[in-house]
Amino acid sequence: MTEQKASFSASELLAVMSSRLMRDGTVVFAGVGIPLLAAILAQRVKCPGLTILFEGGVVGPMIEPGKLPPSTNEQRCTRRANMVLSSTDVLLLLQRGYVDVGFMGGAQIDRFGNLNSSFIGDPDRPKTRLPGTGGGNDIASLTHMIVALKHERRRFVERVDFITSPGFIAGGSTRASRGLISGGMYRIVTDLGIFGFEEQSKAMQVVALHPGVTMEQVNDNTGFRVLDNPVCTQTEPPTELELSVLRELDPQALYIA
Amino acid sequence: MTVKPYQQLREEIRDRDKSLRDKVMSLEEAAALVQDGALVGVGGSTLSRTPMAMIWALIRARKQHLSVCRSIVSSEGDLLFASGICDRIITSWFSQGIVWGVSKVMRHHVETGAKVYEEWSHMAMGMRFRAGAMGLPFLPMRSMLGSDLLGRRPEVKLMNCPFTGEPLLLIPAINPDVAIIHVQRCDAYGNAQIDGLQFMDIDLAMAARRVILTTEAIVSNDQIRRRPDHTKIPFFTVDAVVEVPYGSAPHECGGLYEPCFRHMDMYTGQVNSNPEAGMRAYLDQFFTSPKSWNEYLDRIGLEHLIEAGKGGRSVFND
C-alpha cells in the first residue's frame, strides 16, 4: 500500500478508476478537471469509440496532450471535434436522452448522492459562496452520473447544505416524486473506493475498495455510515500504461497534482 | 424579474431602421447606448469571446446599477462587481476558472450581501435566452426539478404536461435591454460571423432589444456575402459595430488567440489574495488609467499577446 501510494497521486487514482467506468460506444458528458482527464484517458486506453460532450457545445473532440482546456468552454475543447453546437443544444442532448453517462467533480456530497456546489452554510447568509451549478444540475437531473472526488469527512456529509445537483434527494423514490423521472447517481469514485447506491433506500453503498483500504477507513472519512456490501470487490491498482498516458496528457499536473 | 408582454416585446423593435446602414462607432459611443439600470446580456462563455473591451468601456463610463446575464461568468464578473457598475449577475457558474479555485472577489461581494449572484442551471440560462429569442414567454424544461436551486427561483413555475401528465418546469424568457457580443468578424452593418463555439450568442442577439457588436475585424459586405452560411447574427438586430483587435483579452477569441494564461495567473493571484485592494489596483492599472484600449493591451504586454496568439492560431494545427 505504501509503495503504491508513493507511485501515484490521489487525483491520478481518481482519474484512472473513473476512466475504467467508461464504456466503448457510449456518449459521456464530462465536466472539467478529473472528469475531462478520465474521459480522455478512457478514450486512449480502452474506449476508442467513446464520444465526449462538453457543455461549451462540443461533440466528440480529441484533446491534445499537454493542452488541456482550462474549462469546457474554450477552443482547446473543440480540437478534432465532430461538431460544435450551441451550449443550449448540447445540453438539450441530455434531455433528449442521447447521453449515457454524465461525469463531474463535486465539493460536497451526501448519503443519497446529492451534490452541493453552491453554498457552504445557510444559503441566505453563506459562510462560503461556491461557483454554482454550471451544467452540473442539468447533467445530474437528466442522465446517470459518475462523480469523482477526494474522500474527506468534510465533503461526505449526512445532508448537503444545499442540493445543487440532485442525486436521490431524500432516498427511496423521492427523486421521481420530485419530478426527476430519468437518470440518477450511478457511481462515486474516491481515493478510497468506488461507491454506488442501494436499490431500495438509495443510500450510498460500497461497491469496491482500493487495495489496502478497509470499510473502517471509509467510515472514518465519511460523515455518515456507508452501507456494507457482501459482494464488495477490490480494485486493481493503476497500471503503468494508465499512469503514463495520464501524465502525458497533463504534463504540467494541472489536474493530477 | 418580469417577462415582457408580447406586444411590448414587438413594439420595442418595431420602429428600428432595418436598412443596411453603417453602424461603426467607437467604444465610448457604443457605451453611451447602455442606460443605467439596464439588463445587459454578455456573449461568449467563461474565458471565451468575452466582450472585454465593451465591459472596459462600460466601467470607464461609470455605468450604474446594471444587471448582467451570461451563460457562465469568469473574471469579467469580478470586474463588473468590483468596479461598482453592476448590482446583479444572473448566470449558472461564477468564478475565474476552475484552475484558479473559487473567486475571492465573487465571494467578497456576494457573501456580504452587497451584490447578488442569481443562480440558474446552465440549460435554464439557455432556455431563458431561447424563449426570449423565440418571442415566447417561457419554455418547459426537465432539469432543476428536485434541487434547492428551484426554491430560490420564485420566477419559475411548475406544471404537469397537458399531453402526458409529466412534471415540467417553466423557465421564463429573458430579453436583455442590450446584448454585448464579441465576434471574429462582421461588416459595418452588423452581419456577424462567429467561428467555433457559439455558446448562447445567437439566441442572445435575437432576444435582446439592442445589440452591440465588438469585432476583431470589420470586413466588407462582399466578404460576408461570399460565405453567408457563416453569418450567425443578422444585421438588422445590431445597433453598433466596434472594431477592437484583441477585444477579449485576457480571455480568448477562437482561432485567433487563447487566454493570456500568465496574465490570468497574475490577476487571480493578486485579487484572490486581496479582493479589495488587489482589485482596486488591477482596475486602476488596466481599466481606469490607460488612455485607450491599445494602451490597455500594451499594459497586458506584447509578449503575453503574442503567446496567446500563437496558441490560438495553432490550436487546430495538426
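Predicted model: local features only at pLDDT ≥ 70, side-chain atom pairs only at ≥ 80, totals over all residues.
1. Two strands pair if DSSP finds at least two bridges between them. Strand β6 (residues 108-110) of chain A pairs with β7(A) in the antiparallel sense, over two bridges. Within chain A, A:Ile109 stands opposite A:Leu115, a residue of β7(A).

2. Now the whole sheet. It is open and has three strands, in the order β7-β6-β11 (chain A). The pairing is mixed. The edges belong to β7 (115-116) and β11 (156-157) of chain A. Each has a single partner strand, so one side of each is left without a neighbour in the sheet.

3. Next, the nonpolar core. The largest one has 172 residues. The members that touch the most others are A:Val28, A:Leu37, A:Ala39, A:Leu41 and B:Leu213. In chain B, this core draws at least three residues from each of domain 1 (21-122 + 174-314) and domain 2 (138-172).

4. Last, the contact between the chains. Here 47 residues of chain A are in contact with 52 residues of chain B. On the chain A side, the elements that give two or more residues are α4 (87-96), β9 (128-129) and α5 (136-142). What is the make-up of the side of chain A that touches chain B? Its residues divide into 22 polar, 16 nonpolar and nine charged.

Terms used:
Residues numbered from 1 in each chain as written. Chains lettered and ligands numbered in written order. Core = buried A, V, L, I, M, F, W, Y, C linked by C-beta atoms within 7 Å. Buried ≥ 20, exposed ≤ 12 C-beta atoms within 10 Å, placed from the backbone. Domains from an automatic or database assignment. Contact = placed C-beta atoms within 7 Å. Helix = DSSP H or I, 4+ residues; strand = E, 2+ residues; numbered from the N terminus. Nonpolar A, V, L, I, M, F, W, Y, C, P; charged D, E, K, R; others polar.
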